[in-house]
Amino acid sequence: MGNYLNSPTALEKKCELHYHVNRPARKIAARNEGPPNAKLDNLPQDVLCTILSKLPAREAVRSSVLSSEWRYIWTACPRLSFNHNDDVRRHGGKPNAQVFVDHVNEVLQKHRGKAIDHLEIKFTFQSNLTYHLNNWIRFAISSQTKNLALDLAPPSDFLKHGDHYRFPFQLFDKESVSCLECLQISFVSFKPPPAQFIGFPNLRKLDLHLLNTTRQDLDTILCSCENLEWLSIVRCQLKDELEFSRPLSQLRYFRVKHCNNITKIQFHAAKLSTFMYRGDCIPIALHHSIKLEKAEVIFHDLTFQHCTAALLDGLPGVRNLTLEFTFQRMETTWVLDSRRVFSQLRHVQIVMIMCEEDEDKILYIVSLLRVAPFLENLEVHLDSSYTLWFAKGGPSRLDIPACGYKYLNLKNMHLTGFRAANSHIQLLLHVVENAPVIDTLTVDTCERLVDLRKTEKIKPGLRCAALDTVRFRLRESLQPGAKLYLL
Amino acid sequence: MDSTADPKGKRPLYQEDGLAYARAAAAAASATAAAAPDEEEAKPKPKPSSSSEEAKPEPEAEDQAEMPPLVLVAEDGVEVSISRRAARMSHMLRLLMEDSCADGPIPAPNVHSDILDLVVQYCEKHGPYYDPEASERARNPFPPFPVELTPTVSSIKPVTYVDPDPHGLKDWDKDFISLDNSTLFEVILAANYLNIEDLLDLGTTTVADMMRGKKPEEIREIFEIENDYTPEQEAELRKENAWAFED
């Protein structure tokens with residue numbers, strides 16, 4: 001950080017002037033000689049550069065015209081951010097990529113030879129601009145950029161010409177690969193890197209979006225990233241397993257979303273703390289992640305019981321879990337005899353948007369409850385069709401094979417989207433009757449899953465009638481000190 | 001965590017993991033040649049396996065609170081005291097504390113006592129929740145262009161949701177930084193000198209927000225910048241970067 005004692009002579013000049021007396025000060029105690037009157041120009045150059053770095057590139061360039069002192073400050077900015085969408089919005093939607101590229105080139109030209117910390121460029125890719133993109137990467141390499149973001153959007157004629165930007169690994173030599181710490185790329189393809197490419201040893205954060213590559217190439221590139229802490233893979237069609245040959249020992253955050261062709265996820269990440277997944281139900285093998293603190297798993301297209309079994313297999317050490325199902329099917333069986341359990345699971349959030357045929361089957365989530373013996377906090381959020389109000393179908397809790405199982409650690413349960421359907425009532429009663437230490441139970445008729453979108457409220461009469469079906473029964477079954485909230 | 005009497009500044013002020021602790025302990029041990037129980041410091045403390053990676057260093061912070069506050073001396077001679085926990089936010093003060101040079105009054109030349117009061121106020125407010133890693137992540141959000149996933153329609157937050165402002169400090173910051181320009185710049189200068197990255201970031205972001213979207217004439221007026229270009233020079237400059245001046 002610059003020492004402001006070395007700030008330019010402007011400061012010395014100003015200190016010789018009279019102190020400014022008429023300040024619109026804010027709650028500063030009046031003194032005879034107040035603090036010296038600082039102006040923007042008094043700030044040292046690196047602080048001014050920081051300020052300009054927070055503005056989009058064009059505004060930073062404009063600052064050159066403020067006064068002669070400001071003429072070249074923008075050329076020392078360590079952070080350059082170019083977002084073509086802003087320009088497009090301003091000029092009413094007619095994107096001209098060539099013009100944008102020219103502007104970027106002009107700015108980079110002025111920064112030649114200086115160290116740039118952050119280089120961020122976002123625009124719509126066209127294959128005839130590949131030459132410029134390669135030049136920008138060359139620039140980033142020569143400026144020892146630590147944070148590089150190349151957010152390319154696929155062109156509108158993607159389906160016709162469809163080629164991703166081929167990431168130029170050949171431009172990186174042995175020293176330059178060590179500079180890169182954070183990399184965000186989108187709409188890029190990783191073709192096999194040259195033999196001498198050794199990976200990015202200091203890469204800590206990697207965000208991949210719309211990546212086109214094969215498992216081997218991805219593995220080659222990532223296997224030497226020993227310091228990788230953050231990894232996100234979104235909308236990448238891998239058509240293969242996602243498996244890394246070497247352990248990612250520093251990985252703390254891992255996210256895979258909307259990657260429809262991945263068949264399996266398997267790797268060794270001992271320090272993994274957060275895992276997020278959204279996609280088809282595939283085998284996820286992260287058994288070495290014993291410190292998995294939080295996981296959010298959104299599965300499409302499979303039955304609840306299968307998903308539970310898959311998770312038990314793959315994420316046995318998870319502590320807090322959000323499990324979301326969309327239009328799931330439920331098997332009408334109790335999958336209860338499992339020797340394996342979630343040994344660390346304390347908090348589960350189950351989000352279910354069920355198809356109409358299966359809406360009366362939510363009692364079968366007991367299969368999950370039975371394999372989480374240390375569960376303390378259970379949340380069930382439902383979004384059901386209107387036909388479920390006071391519906392009668394579904395199993396009764398008396399059908400569950402008893403075997404004397406109690407939820408010995410369950411302290412808190414929260415159910416939203418309550419519709420007084422038989423299945424909802426059975427679930428509530430089952431949990432309450434088998435959870436001896438439960439101390440808070442909340443039953444919410446509001447559909448919290450869509451409450452930000454839907455504005456119509458449930459009529460009070462309907463609400464009361466629904467809650468009346470369980471009010472006294474729950475109160476009876478709960479311990480005297482327990483809190484019951486009916487919303 | 002053991003709490004044996006500890007010569008001031010020997011233990012690192014916060015412990016991220018055993019490795020950082022060992023590194024800091026080695027640095028502190030070598031920096032001061034005093035007779036210190038080396039074997040107690042050199043062995044890295046094992047991290048409790050059940051704690052999350054963001055475990056706040058509460059035991060450390062409590063120990064710090066017991067130690068006497070630091071005394072900063074402003075340019076007008078007024079002494080301002082700052083608790084050790086709040087002083088962690090300043091990189092400069094942190095180094096002084098680690099090297100146990102923080103016992104006597106610490107001069108802060110060129111920082112007026114009013115400004116120092118403000119800075120200390122900021123540090124005291126943020127001090128108890130200060131986590132260097134989280135603060136670095138907040139100042140450099142990654143990825144810079146977040147991927148747009150399906151917009152959220154629900155008030156239910158998944159367990160993986162990270163509250164960007166868990167202690168409700170954003171509103172307090174907004175009130176705090178609504179200062180007149182010269183006070184704001186003084187605060188930025190003081191934060192720069194004391195190396196308080198969060199406060200520096202807050203100040204510079206505020207100034208950038210004041211400049212954003214404004215024409216150069218407006219910026220000159222707000223910040224009292226004297227335009228010392230001749231009209232020809234200015235026209236030349238505008239032509240040179242014509243694309244930036246289109247509006």
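The model is predicted: local features need pLDDT of at least 70, side-chain atom pairs count only at pLDDT 80 or more, and totals for chains, interfaces and linings use all residues. Residues are numbered from 1 along each chain as its sequence is written, chains are lettered from A and ligands numbered from 1 in the order in which they are written, and side-chain values use heavy atoms, with hydrogens and water left out. Helices (H or I, at least four residues) and strands (E, at least two) are DSSP runs, numbered from the N terminus.

- Six of the seven residues of strand β2 (residues 118-124) of chain A are buried, where buried means under 20% relative accessible area, exposed over 50% and partly exposed in between, with a 1.4 Å probe and protein chains only.
- Strand β1 (residues 79-83) of chain A runs parallel to β2(A), and five bridges join them; two strands pair if DSSP finds at least two bridges between them.
- L80(A) has L119(A) in β2(A) as its bridge partner.
- β2(A) is also joined to strand β3 (residues 147-153) of chain A, by seven bridges, and these two run parallel.
- Across from H118(A) stands N147(A) in β3(A).
- From β2(A) the chain crosses through helix α6 (residues 130-142) of chain A to β3(A), in a right-handed β-α-β crossover. Right-handed means that, with the strands pointing away from the viewer, the path from the first strand over the helix to the second runs clockwise.

**The sheet β9-β11-β13**

- Three strands of chain A form an open sheet in the order β9-β11-β13, with parallel pairing.
- Its edge strands, β9 (241-243) and β13 (284-285) of chain A, each pair on one side only.
- Two bridges link strand β11 (residues 264-266) of chain A to β13(A), and I265(A) stands opposite I284(A) in β13(A).

**Helix α12**

- The 18 residues of helix α12 (residues 460-477) of chain A should span 26 Å at 1.5 Å a residue, which agrees with the 25 Å between its end C-alpha atoms. The expected span is 1.5 Å times one less than the number of residues.
- A kink of about 35° in α12(A) is centred on D468(A); the bend at a residue is the angle between axes fitted to the seven residues ending there and the seven starting there.
- Buried residues of α12(A) include A466(A), L467(A), V470(A) and L474(A).

**Residue R453**

- R453(A) lies in the loop between β19 and α12 of chain A.
- R453(A) counts as exposed because its relative accessibility is 56%.
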